[in-house]
Amino acid sequence: MSKSIQTGNAVIEAIKNRRTVKKFKKDAVPTDKIIELLEAAVWAPNHKLREPWRFLLFTGDGRKKLAQAIDAEMGEDNKFSANIKQVPAVMLVVLEEDPRQNIWDEDFAAVSALVQNFLLAAWSEEIGTFWVTKPFLYAPKFRKPLGIEADEKIIGMIYMGYPDVIPSAKERTSAKEKLTLFE
C-alpha cells in the first residue's frame, strides 16, 4: 500500500501568510507547546539524517541567563539584554559544524529548513516568531556561559510569543524576475 501525497493550498497559504512578529503579548508560551513545534520542525530534510542541530530554550526566569550572557559580551544596560527579558521565549538554534565544506553546507541548509519549519508550525498555532542574528552570537564571552562549543554555529535566535501586533505583508519580487529557465 502506498501513501498518497496530501494536496491543497494550506502549505502555500501558511508560507504566504506568516509574518515576522516583533511585538508580543506578555503571555508565556507553554514549554510543552514549543517542544511540540520542535518535534514537527525536525522533519526538515537533512542529508543522511545527520540531524545536525540542538536547541537552547529560555523562558521565564531562564531568560535572565541569556541576558547575562549578552551582558558578558555587550556590557550591562544594553538594549539587547533588556529586550530579551520582555520576549516570552527565546530559543537559540545551534548547528554542529562539520569541517568538510560540502557536509557543512548540507547541514547549514538542513538547520535553516528546520528553522523555517518551526516558524511555520508556530504560526499555525497563532504563535509569532522573529528569527534574528546578532554579532554577539559569535563572541566567546557570550557563548561560553551557555555551553556553546567552538565547533558549533548559532544559526540564530528565535524570539517567540503571542503576537501583540501583526505586521502587514510586504511585497516580494516575483520569482519570474529571478528565474533563468532552460527548456
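This is a predicted model: local features need pLDDT of at least 70, side-chain atom pairs count only at pLDDT 80 or more; totals for chains, interfaces and linings use all residues.
I started with Ala121, which is buried: its relative accessible area is 14%, and the cut-off for buried is under 20%.

**Entry: where Ala121 sits**
I looked up its place and found Ala121 in helix α5. Then I checked what it touches. Leaving out residues up to four places away in sequence, Ala121 touches Leu37 and Ala40. I also looked at Ala14, which is 107 residues from Ala121 in sequence, yet their C-alpha atoms are 9.0 Å apart in space.

**Entry: helix α5**
How far apart should the ends of α5 be, at 1.5 Å a residue? Helix α5 covers residues 101-124, so its 24 residues should span 34 Å. I found 35 Å between the end C-alpha atoms, which agrees. Just after α5 comes Glu126, and there I noted a positive phi of about 65 degrees.

**Entry: strand β3**
Next I went to β3, residues 89-96. Is it mostly buried or exposed? Seven of its eight residues are buried, so the rest of the structure largely encloses the strand.

I then looked for its partners. Strand β2 (residues 53-59) runs antiparallel to β3, and seven bridges join the two. Strand β5 (residues 152-161) is also antiparallel to β3, with eight bridges between them.

I followed one residue across. Val94 in β3 is the bridge partner of Arg54, and Val94 also has a bridge partner in β5, namely Ile154. A reminder to myself for looking at strands: in a regular strand, side chains alternate between the two faces of the sheet.

**Entry: the largest pocket**
I moved on to the largest pocket, which holds about 460 Å³ of space. Which residues lie nearest its centre? They are Arg18, Arg19, Ala169, Lys170 and Arg172, out of 13 lining residues. I sorted the lining by class and got seven charged, three polar and three nonpolar residues.

**Entry: stepping back**
Last, I zoomed out to the whole protein. I counted six helices and six strands, and along the sequence they come in the order α-β-α-β-α-α-β-α-β-α-β-β. The C-alpha trace spans about 55 × 40 × 40 Å along its principal axes. Of the 183 residues, 40% are buried, and Ala121 is one that is buried.

I also checked how far along the chain contacts reach. Taking contacts between residues at least 6 apart in sequence, 80% join residues at least 24 apart.

Technical notes. Residues are numbered from 1 along each chain as its sequence is written. Side-chain values use heavy atoms; hydrogens and water are left out. Helices (H or I, at least four residues) and strands (E, at least two) are DSSP runs, numbered from the N terminus. The expected span of a helix is 1.5 Å times one less than its number of residues. On a 1 Å grid over the protein atoms alone, a cavity is a set of points where a 1.4 Å probe fits but cannot get out, and a pocket is an open set with protein on both sides within 12 Å along at least five of seven lines; lining residues have an atom within 4 Å of a point. Grid points are joined across faces, edges and corners, and a volume is the space filled by probe spheres set on the points. Ala, Val, Leu, Ile, Met, Phe, Trp, Tyr, Cys and Pro count as nonpolar, Asp, Glu, Lys and Arg as charged, and the others, Gly among them, as polar. Buried means under 20% relative accessible area, exposed over 50%, partly exposed in between (1.4 Å probe, protein chains only). Contact means heavy atoms within 4.5 Å. Two strands pair if DSSP finds at least two bridges between them.
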